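Before reading on, please take a moment with the sequence and the 3D view below.

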Protein chains: 2
Amino acid sequence: MTILDGKKISNQIKDEIATEVSRMKERGEKVPHLAAVIVGNDGASLTYVGSKVRACERVGFESTLIRLPNTTSEVELLKTIKDLNENDDIDGFIVQLPLPPQIDTQQVLMAIDADKDVDGFHPTNFGKMALDMSTFIPATPFGILELLDRYSVETKGKHTVVIGRSHIVGRPMSILMGRKGFPGNSTVTLTHSHTKNITQITSQADIIISALGVPNFLKAEMVKDDAVIIDVGISRVPDDTKEKGYCICGDVDFENVSKKASYITPVPGGVGPMTIAMLLKNTLLARERHRANNK
Amino acid sequence: MTILDGKKISNQIKDEIATEVSRMKERGEKVPHLAAVIVGNDGASLTYVGSKVRACERVGFESTLIRLPNTTSEVELLKTIKDLNENDDIDGFIVQLPLPPQIDTQQVLMAIDADKDVDGFHPTNFGKMALDMSTFIPATPFGILELLDRYSVETKGKHTVVIGRSHIVGRPMSILMGRKGFPGNSTVTLTHSHTKNITQITSQADIIISALGVPNFLKAEMVKDDAVIIDVGISRVPDDTKEKGYCICGDVDFENVSKKASYITPVPGGVGPMTIAMLLKNTLLARERHRANNK
């Protein structure tokens, strides 16, 4: 059994990006600039955004954090997005989700210039992904592809079962694993809340990607020998033995499933760290595209 | 066993659209106007486009057929598309595929105004579909949804197996059947040329949608009792007993599979006729959206 070590791989990727940024500086080129917009004071969101800004600093990117109050109107947020779209110094930006209820998330995501949409959530980018065109792939699915790639996990002709059909993980993952190329060329089954006989389906899978958010959902008896297990779940579970009073738990019963798996991602330290690394990679890509357009 | 009669249902839909167009005329409103662009002299393409123009006439739409020579350059075709984009009288238009080799199909599809893209092939529309937003659904998948809807075929919690991952049928179908709502909420498996043990997979399916283009591919032993069978294949097979010297053959061994199926589409007369009906429906939708925008 091999651990798919997202922490290690994400550090490798960040080192590679930092090297590339150093070269850009040596050549006197503008370095990538990521902006992040956060509305309100949600603790988890502030933590995520803070991690993204620190990751930018680590690799040598410029970064801008725009904090707006929880009472921000949709019109005000759209104005901020318009400014970022038109600001040639910004290569890519993200709007941290979730947004407060007075703001229509769909309208906001639609307003982002697709060429700066490094989260890959804009319909144009999502459609390009589904139609095998070059685009920004959403960071979490992109990170999973990268893990499979760096560990040379065979995907062609394998049966991949994806659990959960969210727009940011399950659905794009199901599309990506069935595309031509590597990683890809899998036979893909997408399962969700209406799926019957989930055990019957997962127990046939060569690769399981679980993005459900239910702690310890995937048990050993649901998995066949030598399966590849990708755990995207991140749940806080009360745990008095921890200083914080909780532990971070994945969808997978790691202790037992890992005994049967050929490859498995831990939680934490698996898919999670890859997400930020791939956001940086998308921002680097955005910079390269903007340079090609003389911006 | 019930035949999913695409010919009958498509005629119903055309009648419904014709009634709606009559009401538009009575109210003194502009009627929908579809334009079709065809490059070259491919016989099958001319036949398809001709059917689309006749269907427009039947329901009372205006239609414009633009025929360009086989030697048309990409720049010339893009100019034609730009004119159609800017022509307020045109509500929607299609560019008949395939295009001659000197033209990059992707560039052409990208150039079509997404609001006039009644084929639903533009990445923005494809992405909206995958993200559960309102859009133009590609006509063939849309027609399959409509057949399932009109015959009240249960899809929720059923296991749907899609055979073939083309951009115009297999991939969108796999996405649509897994979306929330009806028809949808299926557990969906997308299979393709790299899929192993296809029989093992199809024999577990409650619903099979085959878009492979291999005559008589799906045999009775690959199908479980009471399965729903949707045959998207259209192949010409030499047949001396026919006046034309060939017959139109689907992917499904209809004679034997129909004995096990609960519902099945014939070929011809199943999915085929639905495609044009749904193109008209998308054009009507385009007209309604343009009216809402005062165009």
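Strand β6 of chain A and strand β6 of chain B, residues 187-191, pair in the antiparallel sense, and three bridges join them. Within this pairing, A:Leu190 has B:Val188 of β6(B) as its bridge partner. The model in which this is seen is a predicted one.

The contact between the chains takes in 27 residues from chain A and 27 residues from chain B. On the side of chain A that touches chain B, at least two residues each are supplied by α5 (123-130), α7 (170-178) and β6 (187-191), and the largest share, seven residues, belongs to α5(A).

Turning to chain A by itself, one finds ten helices and eleven strands. Its radius of gyration of 19 Å is close to the 19 Å that the globule rule gives for 295 residues, so chain A is as compact as a globular protein of that length. Along the principal axes, the C-alpha atoms of chain A fill a box of roughly 55 × 40 × 35 Å. Of the 295 residues in this chain, 49% count as buried, and among the contacts in chain A with a separation of 6 or more, 68% are between residues 24 or more positions apart.

The domain assignment divides out two stretches of chain A, namely domain 1 (27-113) and domain 2 (139-272), and the C-alpha centres of these two domains of chain A lie 29 Å apart.

Technical notes. Residues are numbered from 1 along each chain as its sequence is written. Chains are lettered from A and ligands numbered from 1 in the order in which they are written. This is a predicted model: local features need pLDDT of at least 70, side-chain atom pairs count only at pLDDT 80 or more; totals for chains, interfaces and linings use all residues. Helices (H or I, at least four residues) and strands (E, at least two) are DSSP runs, numbered from the N terminus. The radius of gyration is taken over C-alpha atoms; the globule rule is 2.2 Å times the number of residues to the power 0.38. A residue is buried if 20 or more other C-beta atoms lie within 10 Å of its own, exposed if 12 or fewer, and partly exposed in between; C-beta atoms are placed from the backbone. Two residues are in contact if their C-beta atoms, placed from the backbone, lie within 7 Å. Domain bounds come from an automatic or database domain assignment. Two strands pair if DSSP finds at least two bridges between them.
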